[in-house]
Amino acid sequence: MTARYGSRLAAIGATALLTAAVFVLPAKAETDAKAVIKTYSDIALAKYEDSLTTAQALDKAVDALLAKPSADTLNAARDAWKAARVPYQQTEVYRFGNKIVDDWEGKVNSWPLDEGLIDYVAKSYGTESDANALYTANVIANKSIEINGKKVDATKLSPEFLSGTLQEAGGIEANVATGYHAIEFLLWGQDLHGTGPGAGERPYTDYDLKNCTGGNCDRRAEYLKSASDLLVSDLQEMVGNWKEDGAARKSLVEGEPNTAISTIFTGMGSLSYGELAGERMKLGLLLHDPEEEHDCFSDNTFNSHLYDAVGIRAAYHASYKRLDGTTVEGPSVADMVKAVDPAVDRELSGKLDVTVAKMEAIKARAEGGEAYDQQIAEGNTEGNAAVQAAVDALVDQTKSIERAVAALKLNAIAFEGSNSLDAPDKVFQ
């Protein structure tokens, strides 16, 4: 999977505009805004705690796989990975506008990645890239690699080496060495089916020290364990950032209420439009390219997209159902919008529901046997239409998010854009 863009950069401009936002409502509304900010922060903490819990379960499943490699332990680790994606994807609405989250996010969810950096790849992947000297470095097979013309000792594939040396090595975003997608590749391997049925098919024997396939099973196991441990520690860091004295929470609670309210809408609008509708969905649909799907090794993309949409809706209504069945909820930006313009609130609430329904339709097709990469395949009229319907719903709800911003008399917020939506001709240049 080859990186062709850096979608994180566009959020910077949006963040910079937040300080200029003006929230002109009566004095009581400011108190309400502070309550909204508290709920928003409480839900962030709950979501990251659930993400941490599922990452810890994944880490235990990885331990079991490495202790006794088998088809069963590999499948259990894969199931744990998929389960871990459910709460994490619902946190992505916190990324845009919250600088602490955006600066951190690359550690855990960077994509697309040049998987040849990490491990063996098929011949069809190629042997070199003009954009990335480490395109096929295969650090699992090589105890020494070259970064920016200097030899680097890769004997120990420790968490420190992965995060401090290999992640974005050479300043290349495609050199993703850590996070969910590096782990995904190590559990599934490449999906070599294109837009046909089937996901990655890495055999469990790639971790069997006695009957090793793929070579370097000991180093592959070391890499996987380090990546899994890192995911846990990185999520622990973000949980800390949203606790009562955490930096992310304090930056909102102790700042101007109007700026914090703008942050909530920035997350909703930027994820809706530029990131999800644009970079993650429309781009792949335009190119009919399975390499552009978010969870491309596992064919879990339909779930990741769905829970992004669920997370956007939850941010508006300030309600999140935790893994233990309890619900965290409270004053919301929906309450604020309803107080000043009930029609806009009804409009946006309805469109958020429509988007989730369109994502659920994609999921139903996937669970019925047509994976997301098959749905975006050239010539699949019905599959393409299902994905396009979700893109259209995301774009439409973004327009209503903008109307909600106007209803609260906030200055216009610059949501993240995408060439695939704003200038599709550039995609083919």
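Biologist: How many aromatic pairs does a search of the whole structure find?

Modeller: The search finds eight aromatic pairs. Keep in mind that this is a predicted model.

Biologist: Pick one. How are Tyr 40 and Trp 242 arranged, centre to centre and between the planes?

Modeller: Tyr 40 and Trp 242 form an edge-to-face pair. Their rings are 6.3 Å apart, centre to centre. The angle between the planes is 80°.

Biologist: Is Tyr 40 buried or exposed? And Trp 242, buried or exposed?

Modeller: Tyr 40 counts as buried, at 4% relative accessibility. Trp 242 is buried too, with a relative accessible area of 0%.

Biologist: Which residues do ring pairs link into a cluster here?

Modeller: Ring pairs link Tyr 40, Tyr 94 and Trp 242 into a cluster.

Biologist: Let's zoom out. How many helices and strands does the protein chain have?

Modeller: The protein chain has 16 helices and four strands.

Biologist: What does the radius of gyration say about it?

Modeller: The chain has 429 residues, and a compact globule of that length would have a radius of gyration near 22 Å. The protein chain has 22 Å, so the two agree.

Biologist: What box do the C-alpha atoms fill?

Modeller: Roughly 70 × 50 × 45 Å, taken along the principal axes.

Biologist: What share of the residues count as buried?

Modeller: Of the 429 residues, 57% count as buried. The accessible surface comes to about 17,000 Å². Carbon and sulfur atoms account for 51% of that surface.

Biologist: What about contacts between residues 24 or more positions apart?

Modeller: Take the contacts with a separation of 6 or more. Residues 24 or more positions apart account for 73% of them.

Biologist: And the charges? How many are positive and how many negative?

Modeller: There are 42 positive and 65 negative charges. Their mean positions are 3 Å apart.

Biologist: Back to helix H7. What does Ser 228 touch?

Modeller: Ser 228 is found in helix H7. It touches Leu 58, Asp 59, Val 62 and Ile 183, not counting residues up to four places away in sequence. Ser 228 is also buried, with a relative accessible area of 1%.

Biologist: Another serine, then. Where is Ser 272?

Modeller: Ser 272 sits in helix H9. At 0% relative accessibility, it counts as buried.

Biologist: Which residues is Ser 272 in contact with?

Modeller: Leave aside its neighbours within four places in sequence. Then Ser 272 is in contact with Ala 277, Ile 312, Leu 394, Gln 397, Thr 398 and Ile 401. As for Ala 177, it is 95 residues from Ser 272 in sequence and 27 Å away in space, C-alpha to C-alpha.

Biologist: Now the end of the chain. Which helix holds Val 427?

Modeller: Val 427 is found in helix H16, residues 424-427. It counts as buried, at 18% relative accessibility. The cut-off for buried is under 20%.

Biologist: What is Val 427 in contact with?

Modeller: Leaving aside neighbours within four places in sequence, Val 427 is in contact with Leu 283, Leu 286, Leu 287, Asn 419 and Ser 420.

Biologist: What about phi of Asn 148?

Modeller: Asn 148 has a positive phi of about 55°, although it is not a glycine. It is found in the loop between S1 and strand S2. At 64% relative accessibility, Asn 148 counts as exposed.

Biologist: And phi of Asp 299, what is that near?

Modeller: Phi of Asp 299 is near 60°, a positive value in a residue other than glycine. Asp 299 is in the loop between helix H9 and helix H10.

Biologist: Is Asp 299 buried or exposed?

Modeller: Asp 299 is buried, with a relative accessible area of 10%.

Key. Residues numbered from 1 in each chain as written. Predicted model: local features only at pLDDT ≥ 70, side-chain atom pairs only at ≥ 80, totals over all residues. Heavy atoms only, no water. Helix = DSSP H or I, 4+ residues; strand = E, 2+ residues; numbered from the N terminus. Rg over C-alpha atoms; globule rule 2.2 N^0.38 Å. Buried < 20%, exposed > 50% of the residue type's maximum accessible area, 1.4 Å probe, protein only. Contact = heavy atoms within 4.5 Å. Areas by Shrake-Rupley, 256 points an atom, 1.4 Å probe, with all protein chains shown as cover. Lys, Arg positive; Asp, Glu negative; His and termini not counted. Charge placed at Lys NZ, Arg CZ, Asp CG, Glu CD. Phe/Tyr/Trp six-rings, centres within 6.5 Å; stacked < 30°, edge-to-face > 60°.
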